[in-house]
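Here's a quick briefing for anyone opening this one up for the first time.

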Number of protein chains: 2
Amino acid sequence: MSDKQKQKSAAEAFRAMHRGKRILLLPNAWDVASAHIFEEAGFGAIATTSAGIAFTRGYPDGQRISRDEMLQAVSRIAAATKVPVTADVEAGYGARPEDAAQTALAVIESGGAGMNLEDASGEANQPLVELPLQLEKIAAINEAKRKTGVPIVLNARTDVYLLQVGPAEKRYDQALRRLTAFRDAGADCVFLPGVRDAATIGRLVKDLDFPLNILAGPGSPSISELQRLGVARVSLGSSIMRATLGLLGRIAEELKTTGTYRSLENAPSHDDVNRMMPSQLTTKSS
Amino acid sequence: MSDKQKQKSAAEAFRAMHRGKRILLLPNAWDVASAHIFEEAGFGAIATTSAGIAFTRGYPDGQRISRDEMLQAVSRIAAATKVPVTADVEAGYGARPEDAAQTALAVIESGGAGMNLEDASGEANQPLVELPLQLEKIAAINEAKRKTGVPIVLNARTDVYLLQVGPAEKRYDQALRRLTAFRDAGADCVFLPGVRDAATIGRLVKDLDFPLNILAGPGSPSISELQRLGVARVSLGSSIMRATLGLLGRIAEELKTTGTYRSLENAPSHDDVNRMMPSQLTTKSS
């Protein structure tokens with residue numbers, strides 16, 4: 001099989017995971033090491049976290065990193081893992097449908113099997129992209145998929161809840177209207193981060209009758225509860241990466257206070273991690 | 001002050017930390033996020049970990065990564081932090097003294113305040129670089145420091161213990177001979193990783209009468225015990241980075257078994273991490 005055929009197969013396999021019996025559980029990686037850990041743990045696919053990738057390079061989240069730099073990170077992860085990788089490419093790096101198409105082509109170029117597209121505008125006075133423009137972006141991405149013949153999975157996200165847009169009592173309807181429009185415009189999955197309430201999630205699954213991605217983390221229903229509610233896909237966003245930063249804070253505190261190393265225990269050895277890396281080698285540790 | 005004068009001051013301040021009353025405790029960072037956590041925790045200087053940087057990019061440890069790629073990572077960390085950063089640049093990326101000098105110039109260019117130089121050859125049948133050649137490398141680095149006027153701190157390391165070179169009963173003498181020669185050739189600090197035994201460390205401090213770096217981690221004497229033994233500088237190598245990989249393994253396990261999020265708790269919030277990044281922004285989370 002050619003690389004393109006392999007990528008096509010990976011995208012198709014990834015799409016099928018959204019309609020399987022089991023919920024698709026996607027851990028979010030930010031570098032090759034984190035992706036390897038998830039792959040070794042047996043996850044069938046991996047997502048990236050835009051926030052995590054931005055943080056490792058010193059950028060705040062929210063498209064402060066360039067499309068090129070983000071895709072460079074995605075490309076490294078995709079090249080190093082055998083399972084499908086879906087790219088968190090934020091709002092597509094640009095205001096126009098052509099920018100979204102360009103981003104989709106870059107995801108395909110990077111070896112990705114899927115991508116997210118958010119509707120956050122980055123503007124305080126009008127936080128969401130107008131719906132017709134967002135649908136044009138989705139159409140432009142679908143056109144890029146058709147042209148290249150690589151049917152990456154498009155996960156279309158609305159930030160109605162995350163950005164707390166409009167009065168609280170109108171958010172559900174606003175989110176449902178957007179997600180329904182994304183679905184009808186040809187997205188493969190729709191994504192509503194910021195919802196943790198089981199009743200709302202269950203209602204949304206029924207109202208959409210389409211693969212739904214939920215962002216989980218502390219306070220969310222468990223994975224099995226999400227599956228019971230009919231959620232198709234669950235991802236963790238930047239929470240895994242931020243958990244490692246929490247551990248770093250505890251390590252720093254221990255080193256500076258008791259001067260001991262308890263929080264450094266339960267780690268893979270230097271040799272273990274070396275063996276996990278693509279080309280093996282047994283030399284020195286540091 | 002010019003950038004060069006600032007860097008000169010940082011290198012001088014960093015050198016002084018090797019001769020202060022308190023032991024110099026260096027946490028090892030591998031990306032900007034980890035460096036920020038250490039800086040916020042109040043460490044006065046930060047080291048990098050070559051293994052950690054290599055792992056995040058999918059390379060095994062041991063100069064499989066190029067000098068350019070390693071220094072690019074160091075440069076990002078140095079640019080994002082206010083405290084002195086010392087670069088783990090392995091064995092200097094090349095067999096010749098000119099290569100070591102080139103690496104020193106690249107460290108200075110990257111904004112570093114110090115560098116390590118190991119004597120591992122990477123060859124199985126003769127694991128250490130011949131001592132006269134290693135001393136030529138140190139001289140070449142010192143010449144690069146003189147030429148540029150930026151007196152980065154050279155931490156000269158021997159891998160006698162780490163690579164278990166020769167019969168066990170001769171290692172101490174072999175290590176002492178090398179470290180003494182590094183000291184006399186103009187290194188600013190000498191480094192013996194692989195020693196955890198307090199008696200041996202104490203003996204080495206006395207025999208050298210010079211700033212000594214010890215690699216600490218689970219099983220090592222505590223930081224205060226190392227200070228009592230007269231150790232000037234302690235670093236953690238890749239152990240902090242590997243501890244985060246251990247946490248990732250536990251998170252993966254929890255997600256796949258109970259499907260809960262307990263191991264994701266005790267993390268800084270998305271907003272907290274955004275605020276930590278050089279240019280601030282408050283938008284959406286993902």
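**Around strand β6 of chain A**

Let's start with one pairing: A:Leu117 has A:Ala156 in β6(A) as its bridge partner. Keep in mind that this is a predicted model.

**The β5 side**
- Strand β5 of chain A covers residues 114-118, and five bridges join it to β6(A).
- These two strands run parallel.
- To get from β5(A) to β6(A), the chain passes through helix α6 of chain A, residues 131-148. This β-α-β crossover is right-handed.

**The β7 side**
- Three bridges join β6(A) to strand β7 of chain A, which spans residues 189-191. This pair runs parallel too.
- Across from A:Asn155 you'll find A:Cys189 in β7(A).
- Helix α7 of chain A, residues 168-184, carries the chain from β6(A) over to β7(A), in a right-handed β-α-β crossover.

**How covered is β6?**
- Strand β6 of chain A takes in residues 153-157, and five of its five residues are buried.
- Both of its faces are covered. On one side sit A:Val153, A:Asn155 and A:Arg157, with A:Leu154 and A:Ala156 on the other, all of them buried.

**Cysteines**
- A:Cys189 has a relative accessible area of 0%, so it counts as buried.
- B:Cys189 is buried as well, at 0% relative accessibility.

Technical notes: Residues are numbered from 1 along each chain as its sequence is written. Chains are lettered from A and ligands numbered from 1 in the order in which they are written. This is a predicted model: local features need pLDDT of at least 70, side-chain atom pairs count only at pLDDT 80 or more; totals for chains, interfaces and linings use all residues. Side-chain values use heavy atoms; hydrogens and water are left out. Buried means under 20% relative accessible area, exposed over 50%, partly exposed in between (1.4 Å probe, protein chains only). Helices (H or I, at least four residues) and strands (E, at least two) are DSSP runs, numbered from the N terminus. Two strands pair if DSSP finds at least two bridges between them. A crossover is right-handed if, with the strands pointing away from the viewer, the path from the first strand over the helix to the second runs clockwise.
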